[in-house]
Amino acid sequence: MKGTVQEWHLVARPVAKPLPTDFRLVERTLETPAMGEVLMRNHFLSVDPYMRVLMGPPQPGVPVYALGRPMTGGAVGEVVESRAAGLAPGDLVLSDLGWRTGAVAPAERLTRLNRVAGVPDSAFLGVLGMPGLSAYVGLTEIAKVREGETVFVSGAAGAVGSLAGQIARLLGAKAVIGSAGSKEKVDYLVGELGFTAAFNYKDGDVRDLLARAAPGGIEVYFDNVGGDHLEAAIDVLNVDGRAALCGAISGYHLSEPPPGPRNMVELVKKRLTLRGFEVGDHMRLHPHFARETGSWLAQGKLRFRETVEDGITRAVDAFLGLLEGRNTGKAVVRI
Ligand SMILES: NC(=O)c1ccc[n+]([C@@H]2O[C@H](COP(=O)([O-])OP(=O)(O)OC[C@H]3O[C@@H](n4cnc5c(N)ncnc54)[C@H](OP(=O)(O)O)[C@@H]3O)[C@@H](O)[C@H]2O)c1
């Protein structure tokens, strides 16, 4: 036996917004690692919007989390003991084992990470991890943003959105417009991240707010929100415009599917392309992403923030806070 760990289990499927009672913190005694396994301790856990979708209720084609079991999800930790080739004590590793302080796990569930000077280890859950790659894929592979274009990013102060807006500029966009849920976030986008314009979507009708912020229209929409934001973007997309559909967080809590955009005929009139993507399908771009992002970070061209909650007991609260917009940049839990 190698001591105990704590892990969060989903114990009830949320109907709309998750409740703290849908989760339970469980203590588990660890076994000694078998051949091919390692004992690892986590330093940072990721809380992400997709987890809400995996909590259910089940939808066609979406495998949901089992009840009474730990949920999968990104975490960065350190190998404590290894019986696996290629992993040694002290190695920094990325796992998908979810909200837990540590685990005994087969080596194939772990990816060894090379620390990046000047960047915290938690960045492998954000700017250097899945959210960063999502921003990069959406702009380069899906919307194929070009020099001189105007880009609109919704959910712009979050993990993916804050990077998408900056990467669009680095790829040559002439202007980047962002939407977010508070004045502080809007000030952050324009004042610190170099967005050309931004608005608080809670200040009025998103169609009006976006039309005012983008008087010349947009060529690219990076969608994190769906719903009213997607409808507003379809309005202002110029002829041959493209949208990369990354997420639709405005609908994740709804018990009924949200209504579709009412202006779909604009897709025909303006020859628009709306394309969804799953970042996991584009891992071949990871080396390009890691090289370019590493270089932008080293040159101080890419900024990022994290909203950090301390302690495994705070994981559920950090997750609920993410859904309510309490985070700026990547939301993580430090163990
Ligand atoms: N396709 C993929 O492979 C992929 C990969 C990663 C993420 N995603 C998606 O990308 C989106 C962003 O993910 P993230 O990790 O970067 O999360 P995030 O933006 O860091 O956090 C979620 C944010 O969503 C905003 N929000 C919550 N409810 C909203 C609503 N009803 N309307 C508008 N905004 C709302 C909140 O900010 P405000 O204060 O601004 O409301 C909150 O901070 C999500 O939709 C996620 O599912 C997709």
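Biologist: Where is Pro 57 found?
Modeller: Pro 57 sits in the loop between helix H1 (50-54) and E4. Helices (H or I, at least four residues) and strands (E, at least two) are DSSP runs, numbered from the N terminus. This is a predicted model, in which local features need pLDDT of at least 70 and side-chain atom pairs count only at pLDDT 80 or more, while totals for chains, interfaces and linings use all residues. Residues are numbered from 1 along each chain as its sequence is written, and side-chain values use heavy atoms, with hydrogens and water left out.

Biologist: What kind of peptide bond joins Gly 56 and Pro 57?
Modeller: The bond between Gly 56 and Pro 57 is cis, with omega at about 10 degrees.

Biologist: And which residue has a positive phi although it is not a glycine?
Modeller: Asp 240 has a positive phi, of about 70 degrees. Asp 240 belongs to strand E13 (residues 237-245).

Biologist: Turning to the ligand, which residues come nearest?
Modeller: Val 160, Lys 185, Tyr 201, Tyr 252 and Asn 327 come nearest, out of 26 residues around the ligand. A residue counts as near if one of its heavy atoms lies within 4 Å.

Biologist: What does Lys 185 do with its polar side-chain atom?
Modeller: A polar side-chain atom of Lys 185 lies 2.6 Å from an oxygen atom of the ligand. A polar contact is a pair of N or O atoms within 3.5 Å.

Biologist: How much of the ligand's accessible area does the protein cover?
Modeller: The protein covers 90% of the 910 Å² that the ligand has on its own, by the Shrake-Rupley method with a 1.4 Å probe. Helix H2 (130-142), helix H3 (159-170) and helix H9 (315-323) are the elements that give two or more residues to the shell.

Biologist: What is the make-up of that shell by class?
Modeller: The shell has 15 nonpolar, nine polar and two charged residues. Here Ala, Val, Leu, Ile, Met, Phe, Trp, Tyr, Cys and Pro count as nonpolar, Asp, Glu, Lys and Arg as charged, and the others, Gly among them, as polar.

Biologist: How many cavities of 30 Å³ or more are there in the whole structure?
Modeller: The search finds one. On a 1 Å grid over the protein atoms alone, a cavity is a set of points where a 1.4 Å probe fits but cannot get out, and lining residues have an atom within 4 Å of a point. The largest cavity has a volume of about 60 Å³, a volume being the space filled by probe spheres set on the points.

Biologist: What lines the largest cavity?
Modeller: The lining includes Gly 126, Ala 159, Phe 304 and Lys 330. H3 gives the most, with three residues, and by class the lining has four nonpolar, three polar and three charged residues.

Biologist: One more topic: how many aromatic pairs does the search find?
Modeller: There are seven aromatic pairs in the whole structure. Rings of Phe, Tyr and Trp (its six-membered ring) pair if their centres lie within 6.5 Å; planes under 30 degrees apart count as stacked, over 60 as edge-to-face and the rest as tilted.

Biologist: Why is the pair of Phe 23 and Phe 319 edge-to-face?
Modeller: The ring centres of Phe 23 and Phe 319 are 6.4 Å apart and the planes stand at 75 degrees, so the pair is edge-to-face. Because Phe 23 lies in strand E2 and Phe 319 in helix H9, the pair ties together parts that are 296 residues apart in sequence.

Notes: Polar contact = N/O pair within 3.5 Å; in protein donor to acceptor, adjacent residues only side chain to side chain. 1 Å grid on protein atoms, 1.4 Å probe; cavity = no way out; pocket = protein on both sides within 12 Å on 5 of 7 lines; lining within 4 Å.
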